[in-house]
Amino acid sequence: MFGSILNMLNAFNVVQAASPKPRPRSQNTASQTMAITTVYDAQKSAKQLESVLAKGGEGSVYTLQGRSDVLVKLYHPEVLNKLQPQLQQKIAAMLNNKPQNEALLSWPLIDVYNQQQQWIGYAMHRKQGLKLQFLAHAVLYKKHFPHFNRRDIVQVLLSLIEQIQALHRQHIMIGDYNLNNFLCDPQSKTISLIDCDSYQCQLNQQFFACPVGSPDLTPPEHQNKSFREVKRNPQSEVFSLAIILFKCLMLGRHPYDMVNGEDPVSNMNSGRFAYGKGNQGIPKGDWYNIWSHMPYQLKSLFIRTFSEGALNPSLRPSLDDWHQVLSLYVKEMDKGWHEVAVRPPQPKKSDYRGSNSVS
Ligand SMILES: Nc1ncnc2c1ncn2[C@@H]1O[C@H](COP(=O)(O)OP(=O)(O)O)[C@@H](O)[C@H]1O
Ligand SMILES: [Mg+2]
């Protein structure tokens with residue numbers, strides 16, 4: 001079953017029928033899960049874990065011996081204790097309903113069990129790429145994306161928007177937006193999505209919430225609520241996405257970070273966006289320069305989203321609006337109409353007629 005991707009997919013069909021019924025876990029399985037080095041599929045075929053690749057908030061991700069293209073995510077025992085049996089049901093539904101853009105998603109592939117046949121996680125394809133966190137960063141972008149200019153950044157963002165458009169067509173919402181969950185291939189400038197198990201899905205007539213999120217990427221209407229009770233929608237998604245877009249274009253700066261202002265979440269909850277109208281609270285320097293060079297249409301989308309759109313979701317631009325304006329931005333950069341430096345040394349002057357300088 002762990003032998004080849006084809007086998008995995010075949011095996012997954014068997015898993016649907018053969019999976020033991022989800023059952024609540026007891027506390028004493030915690031230490032067993034932590035010590036696990038061998039995992040099993042539904043047919044009790046064993047596979048050795050190799051090493052921990054990363055530890056996340058919900059689980060640990062392992063490499064598998066002999067399969068560099070596959071990873072296994074084992075949920076932390078406390079997460080299983082809290083979220084079972086719904087978690088296993090959600091992953092089973094995801095296994096059974098693969099989205100169309102699966103190639104660029106780390107969608108669950110196979111259920112994974114411990115020796116006692118308790119469900120503990122799933123296997124997935126390993127995705128390559130650099131986290132967008134490294135791009136949306138004043139220092140790290142130079143190290144990880146040394147050849148990137150602003151056109152490259154916008155191309156990456158277009159790829160991200162296209163991924164989300166494909167998910168939305170299938171009524172799947174990302175919910176928990178996080179720069180670390182978007183992996184960028186610097187050559188092709190495509191985005192792969194990881195941590196998909198938290199996505200909000202509507203599968204087999206069942207609703208599965210996205211139970212996690214971070215306040216600084218959550219729209220005001222979903223603040224201070226239990227994420228398990230929240231129902232994300234295209235308008236909430238596009239607000240979170242706009243924060244990601246802004247951060248990637250602005251060296252990691254949060255749109256609601258203000259000089260002499262309150263914290264970003266408080267500013268967000270009152271729709272206080274420093275850029276655009278009056279340019280209040282933007283210090284002279286990189287952020288000021290970058291903002292001044294952005295095309296008017298792009299600035300308008302940010303202003304609409306982060307000012308009036310913060311408290312009125314129906315006023316937010318759509319994914320299609322963002323895609324259209326960013327596509328035009330690329331075309332206009334190609335014509336030399338806009339600064340392409342990631343970090344323009346000067347603000348745009350009133351007599352600016354275009355440049356192709358690269359940072
Ligand atoms: N499919 C994947 N391909 C490559 N790396 C992955 C993949 N899935 C997870 N990772 C790595 O493991 C980390 C934790 O995984 P994630 O699913 O985000 O865990 P959690 O939901 O517990 O936060 C990620 O930040 C990433 O570094
Ligand atoms: Mg997660």
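Trainee: How do I read the way α7 and α13 pack, and at what angle do their axes cross?

Mentor: Start with the general idea: a pair of packed helices is described by the angle between the axes and the distance between them. In this predicted model, the axes of α7 and α13 come within 10 Å and cross at roughly 155°. Angles over 145 degrees count as roughly antiparallel, so α7 and α13 are roughly antiparallel to each other.

Trainee: Is the crossing of α7 and α13 left-handed or right-handed?

Mentor: Left-handed, as α7 passes α13. From α7, the contact takes R150, R151, V154, Q155, L157, L158, I161, I164, Q165 and H168. On the α13 side you'll find L319, W322, H323, L326, S327, Y329, V330 and M333. Sorted by class, the residues of this contact are 11 nonpolar, 5 polar and 2 charged.

Trainee: Which residues make the contact of α7 with α8?

Mentor: α7 brings I153, L157, I164 and H168, and α8 brings P234, E237, L241, L245, C248 and L249. By class, that's 8 nonpolar, 1 polar and 1 charged. Look back at the α13 contact and you'll see L157, I164 and H168 of α7 listed there too.

Trainee: And what does α13 do with α11?

Mentor: Helix α11 (residues 296-306) and helix α13 (residues 319-334) have axes that come within 9 Å and cross at roughly 155°. So α11 and α13 are roughly antiparallel as well, and α11 passes α13 in a left-handed crossing. Q297, L298 and L301 of α11 meet D321, W322, V325, L328 and Y329 of α13. The contact has 6 nonpolar, 1 polar and 1 charged residues.

Trainee: Now the ligand. How many residues surround ligand 1, and which are the closest?

Mentor: For a shell, ask who is in it, then where they come from. There are 17 residues around ligand 1, the closest being A54, G56, E58, S106 and D195. By class, the shell has 6 nonpolar, 6 polar and 5 charged residues.

Trainee: Which strands and domains supply the shell?

Mentor: β2 (46-55), β3 (59-64) and β4 (67-75) each give at least two residues. At the domain level, domain 1 (5-125) and domain 2 (130-334) each contribute at least three residues to the shell around ligand 1.

Conventions. Residues are numbered from 1 along each chain as its sequence is written. Chains are lettered from A and ligands numbered from 1 in the order in which they are written. This is a predicted model: local features need pLDDT of at least 70, side-chain atom pairs count only at pLDDT 80 or more; totals for chains, interfaces and linings use all residues. A residue is near a molecule or strand if its C-beta atom, placed from the backbone, lies within 6 Å of it. Helices (H or I, at least four residues) and strands (E, at least two) are DSSP runs, numbered from the N terminus. Ala, Val, Leu, Ile, Met, Phe, Trp, Tyr, Cys and Pro count as nonpolar, Asp, Glu, Lys and Arg as charged, and the others, Gly among them, as polar. Domain bounds come from an automatic or database domain assignment. Axes are lines fitted to C-alpha atoms, for helices over the stretch in contact, and angles run from 0 to 180 degrees between N-to-C directions. Angles under 35 degrees count as roughly parallel, over 145 as roughly antiparallel, 65 to 115 as roughly perpendicular and the rest as oblique. A crossing is left-handed if the near helix is turned anticlockwise from the far one by less than a right angle, and right-handed if clockwise. Two residues are in contact if their C-beta atoms, placed from the backbone, lie within 7 Å.
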